[in-house]
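Visitor: I have a structure on my screen and would like to learn how to read it. Where do we begin?

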Amino acid sequence: MRKLLIVFLFALLASGCVSVSLFPPKMPLREKSVQGTGADKVLLVSISGIISEGKDGGLLDRDDDLVARIKEELTLAGEDERIKALVLRINSPGGTVTASDVLYHEIMAFKEKRKIPVVAVIMDLGASGGYYIAVTGDRIIAHPTSVTGSVGVIMLRVSAEGLLQKIGVDASAIKSGAKKDIGSPFRPMTEDERAIFQTMINGFFSRFLEVVSKGRSLPPDQLKAISDGRVLTGPQALQLGLVDQVGYLEDGIAAAKKLAGLSEARVVMYARPDAYRNNIYSLTGGSGSLESLARLNVMNLVRGAAPQFLYLWMP
């Protein structure tokens with residue numbers, strides 16, 4: 001009987017009547033309690049790894065798109081009146097200018113809609129784009145061993161001119177204007193082209209400083225101390241006014257409860273149905289910041305050899 005059943009199943013597959021997917025689609029996020037009791041909730045959102053849109057992994061990479069996942073979490077939280085506070089658990093060296101700004105915008109829009117406190121907790125890393133997102137918090141807490149700061153912009157550009165010369169290949173472009181192929185990896189960059197890119201970088205940098213100044217209420221002279229892009233420890237960031245407290249994730253949750261006026265609350269996370277989450281340090285998706293730095297593929301960031309503008313700490 002068993003052999004007949006197997007033969008029948010193979011016949012169905014061969015006839016095209018049955019479709020089997022080796023990579024089933026992701027299921028919607030579901031709420032999982034990881035700590036505490038009570039009807040009210042504190043939502044813990046993990047922002048971990050390189051901040052970018054899309055996935056650079058291969059066929060078997062089942063991680064979420066970070067920007068899309070955060071948007072999905074905020075949408076769910078926006079519909080749940082029991083969520084009284086939001087804690088951002090940040091562990092990121094930053095990422096692309098636009099992806100960092102999109103997450104900043106989405107969190108600020110969520111704050112405007114829900115009118116609940118947001119606390120950012122910096123873990124290993126909250127540098128550059130990671131810090132850009134942290135300033136959405138009404139309070140920022142950094143671990144004693146956190147690395148943060150790196151307020152600035154970097155542009156990556158690959159130069160393939162020397163390689164092409166070695167293998168005897170010449171690349172040329174027919175263009176409508178002198179600057180149409182600006183940033184091309186196949187020819188040297190001219191001084192006026194470098195000036196154009198520098199102007200763009202200065203504009204992105206001004207926006208970064210504006211975001212920090214607004215979020216932290218820092219005067220311009222205080223921002224000068226970090227305008228060279230340096231990284232800082234948690235205690236150093238506290239001295240410069242970039243964070244409010246040196247502490248731990250538990251301190252961030254306690255601060256969120258206090259700001260929301262809660263004596264008790266459940267700490268919840270959103271996760272896919274098959275994901276295991278049992279405490280506040282459980283990962284939500286993506287690699288950790290140190291792992292993501294180790295795995296950082298510059299060629300993936302410079303997609304199509306086009307210059308890429310980044311709020312990213314790249315030691």
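Guide: Begin with exposure. Buried means under 20% relative accessible area, exposed over 50%, and partly exposed in between, with a 1.4 Å probe and protein chains only. L259 has 47% relative accessibility, so it counts as partly exposed. This is a predicted model, where local features need pLDDT of at least 70, side-chain atom pairs count only at pLDDT 80 or more, and totals for chains, interfaces and linings use all residues. Residues are numbered from 1 along each chain as its sequence is written, and side-chain values use heavy atoms, with hydrogens and water left out.

Visitor: Where is L259, and which residues does L259 touch, not counting those up to four places away in sequence?

Guide: Helices (H or I, at least four residues) and strands (E, at least two) are DSSP runs, numbered from the N terminus. L259 is in helix 9, residues 249-260. Contact means heavy atoms within 4.5 Å. Beyond four places in sequence, L259 touches P117, V119, D138 and R139. V119 is 140 residues from L259 in sequence, yet their C-alpha atoms are 9.1 Å apart.

Visitor: How many helices and strands are there in the protein?

Guide: The protein has 11 helices and 12 strands. Of its 315 residues, 44% count as buried. Among contacts with a separation of 6 or more, 78% join residues 24 or more positions apart.

Visitor: How do I read the pLDDT of the protein?

Guide: pLDDT is the predictor's confidence in each residue, from 0 to 100. The protein averages 84, and 77% of the residues score at least 70. Over residues 56-62, pLDDT stays under 50. The model has 9 contacts beyond four places in sequence for that stretch.

Visitor: What about helix packing? At what angle do the axes of helix 2 and helix 3 cross?

Guide: Two packed helices are described by the angle between their axes and the distance between the axes. Axes are lines fitted to C-alpha atoms, for helices over the stretch in contact, and angles run from 0 to 180 degrees between N-to-C directions. Helix 2 (residues 66-78) and helix 3 (residues 97-114) have axes that come within 10 Å and cross at roughly 0°. Angles under 35 degrees count as roughly parallel, over 145 as roughly antiparallel, 65 to 115 as roughly perpendicular and the rest as oblique. Helix 2 and helix 3 are therefore roughly parallel to each other. On the helix 2 side, the contact includes L66, I70 and L74; on the helix 3 side, it includes V102, I107 and F110.

Visitor: Which residues touch the most other members of the largest nonpolar core?

Guide: A nonpolar core is a set of buried Ala, Val, Leu, Ile, Met, Phe, Trp, Tyr and Cys residues joined through side-chain atoms within 4.5 Å. The largest one has 53 residues, and I47, L88 and Y131 touch the most other members. Helix 6 (residues 191-216) gives the largest share, 7 residues. Another core, of 18 residues, lies apart from it and includes L44, M123, A265 and V267.

Visitor: Is S128 buried or exposed?

Guide: S128 counts as buried, at 0% relative accessibility. It sits in the loop between strand 5 (118-127) and helix 4 (129-134). Now look at the backbone. Most residues other than glycine have a negative phi, and most peptide bonds are trans. Phi of S128 is positive, near 50°. S217 also has a positive phi, near 55°. S217 lies in the loop between helix 6 and helix 7 (220-223), and at 64% relative accessibility S217 counts as exposed.
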